[in-house]
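Open the model in your viewer and keep the selection panel at hand.

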Amino acid sequence: MPDEAVSKEQFDSLHNSAKQAADLILETVESHKLVHVVSHLDADGLAGAGIVGKALARLGASFRIRIERWLDEKNIDSIAADKPALTVFTDLGSGNLDILNAQLADNHLIILDHHQTTEEANPEFVHVNPHLHGIDGSRDLSGAGVAYLVAKALNEVNIDLAQIAVIGALGDMQDKYESRALGGANEIIVEDAETAGNLQTETDLMLFGRETRPIHKALAYTTVPFIPDLSGQEDRSVAFLARIGITPKKGDRWRVLRDLSEEEKKKLCSALADHFASKGLSGNIALNLIGRVYTLSHEEPWTPLRDAREFSVLLNSTGRMGRAGVGVSICMGDRSAALEEAGKVLDEYRRTITKYLSWLTEKPGRIEELTNIYVAHGQGMIDDKMIGTISSLLSTNIPNLEKPLIAYSAIQGEEFAKFSARTIDLLVEKGLNLGEILKIAAEKYSCRGGGHNIAAGAQVPVKNVDAFIKLVNRLVKQQLEGKPIEG
Ligand code: C5P
Ligand code: C5P
Ligand code: ZN
């Protein structure tokens, strides 16, 4: 468990930086100029865009939101071509200061991000990032969290958006404190959401849809951790519950997780531990299913918005399936057409994940163990927008997690492959920093990489894929041995 909370000085200094961003937004809005918001396509990015969008809408501002897979020279060029009066980046930007400094030097820019950064931002830009204030951005504050601090600095009424920042942090898997709780600066945001009456927290079994779904569905819908044979498989989940003697119905009504007695919950947990063990995985993975539950009190039961983790998966699904606009609308409060659409996207996303995971495990060699890393060879089979999700799922699902995992797939219509790397806390504590490794390895092939210590990505020319993998394999070893790394 991380033991250092965020100090008052650190938080105040971050807050001052958020205030500067709020002032620049207000100034732009008051002069009736258009604000451009650019954000990342995952749950945290969409939550961040939704928060800034809602705060701007409340100011009566004109604004436009654009969602990107990543930033590079090409898309920054196209942003510059719009000649925006002000561009606000959320969950993006800190890892790309070189190109922002070079290509947008004459623009008003606000960067609200939590990625690692190696460069100084142009002093004209407002750069709000927890790392600049001694706060760990990979664990203690998400991109949506930074966006929320700015929204709250704009107007206290935006405290009713705090739960959206909680969803962003959970989407980025920042629940790393005891019992899978959020901590650090995130905790302050959780408290805001509770104060506003929009969030309730408790410790319990964390199956998906714990208040709302029949237990076999809740099992099948749980993908973090990924439960082999049960995640995505309702029939097998029914059989599993029958085998361990948990009655699925009371009278005509399906029982939900909260209907189970303490004894039944214990029985379910130990059966899951045995199940992981029977698949060659550590039984301890089942312990990850007990922890802090974040419930959005005002969301309807039976919707995927009630449980904050489930909400984050829904957002992720819209971004990864090319329907980011739907996710942003939901964060901004749309509960009609957008919600219905998101339900369909979520179903499609689950089917797609099952298809990709079966494909990867169907033939030996598609997931390969090297001396220091695992490699999932998505080749051209996996959509590049989904590779991050697949990498996250695989990394919770491979035995002997002492090695990081990188997954990649060719990007349709481009000469690049998209890489997504994931590791576990234990290796981060031993000094592994995937963001640094992917950045250095990518630079060797004149391309881009970076991210967080625990999760990072890169876009690499297809012709260099094998060499890149070899280099990452070598750099992981060097870094874990405490040696300086270079390409
Ligand atoms: O760009 P951003 O910071 O939002 O993305 C971080 C990504 O890394 C998310 O997609 C998140 O799910 C993933 N992640 C992960 N495992 C972790 C931490 C983050 O898969 N332990
Ligand atoms: O794309 P993926 O989910 O694997 O990204 C993991 C993390 O690395 C995200 O936070 C993403 O924003 C970051 N990343 C980056 N530079 C890249 C690719 C990904 O900072 N070139
Ligand atoms: Zn993020």
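**Stop one: ligand 2.** Sort the shell around ligand 2 by class: 3 residues are nonpolar, 10 polar and 4 charged. Here Ala, Val, Leu, Ile, Met, Phe, Trp, Tyr, Cys and Pro count as nonpolar, Asp, Glu, Lys and Arg as charged, and the others, Gly among them, as polar.

A word on conventions: this is a predicted model, in which local features need pLDDT of at least 70 and side-chain atom pairs pLDDT 80 or more, while totals for chains, interfaces and linings use all residues. Residues are numbered from 1 along each chain as its sequence is written, chains are lettered from A and ligands numbered from 1 in the order written, and side-chain values use heavy atoms, without hydrogens and water.

Now select the 17 residues that surround ligand 2 (a heavy atom within 4 Å). His115, Lys418, Ser420, Arg422 and Gln459 are the closest. Check the polar contacts (pairs of N or O atoms within 3.5 Å):

- His115: a side-chain N or O atom sits 2.5 Å from an oxygen atom of ligand 2.
- Gln459: a side-chain N or O atom is 3.2 Å from a nitrogen atom of the ligand.
- Arg448: here a backbone N or O atom lies 3.5 Å from a ligand nitrogen.

Alone, ligand 2 exposes 450 Å², and the protein buries 88% of that (Shrake-Rupley method, 1.4 Å probe). Color strand 13 (416-422), strand 14 (448-451) and strand 15 (455-461): these elements each give two or more residues to the shell. Strands are DSSP E runs of at least two residues, helices H or I runs of at least four, numbered from the N terminus. Strand 15 gives the largest share, 5 residues.

**Stop two: the zinc ion (ligand 3).** Which residues coordinate the zinc ion? Select Asp44 (OD), Asp91 (OD), His114 (NE2) and Asp172 (OD), at 2.0 to 2.2 Å. Donors are N, O and S atoms within 2.8 Å of the metal (3.2 Å for Na, K and Ca). Asp44 is in helix 2 (residues 43-58) and Asp91 in the loop between strand 3 (86-90) and helix 4 (97-103), so the pair ties together parts 47 residues apart in sequence. Both Asp44 and Asp91 are buried (under 20% relative accessible area, 1.4 Å probe, protein chains only).

**Stop three: ligand 1.** Select the 16 residues around ligand 1; Asp42, Asp91, Ser392, Arg422 and His452 come nearest. Taken alone, ligand 1 exposes 470 Å², of which the protein buries 91%.

Definitions and conventions. Polar contact = N/O pair within 3.5 Å; in protein donor to acceptor, adjacent residues only side chain to side chain. Buried < 20%, exposed > 50% of the residue type's maximum accessible area, 1.4 Å probe, protein only.
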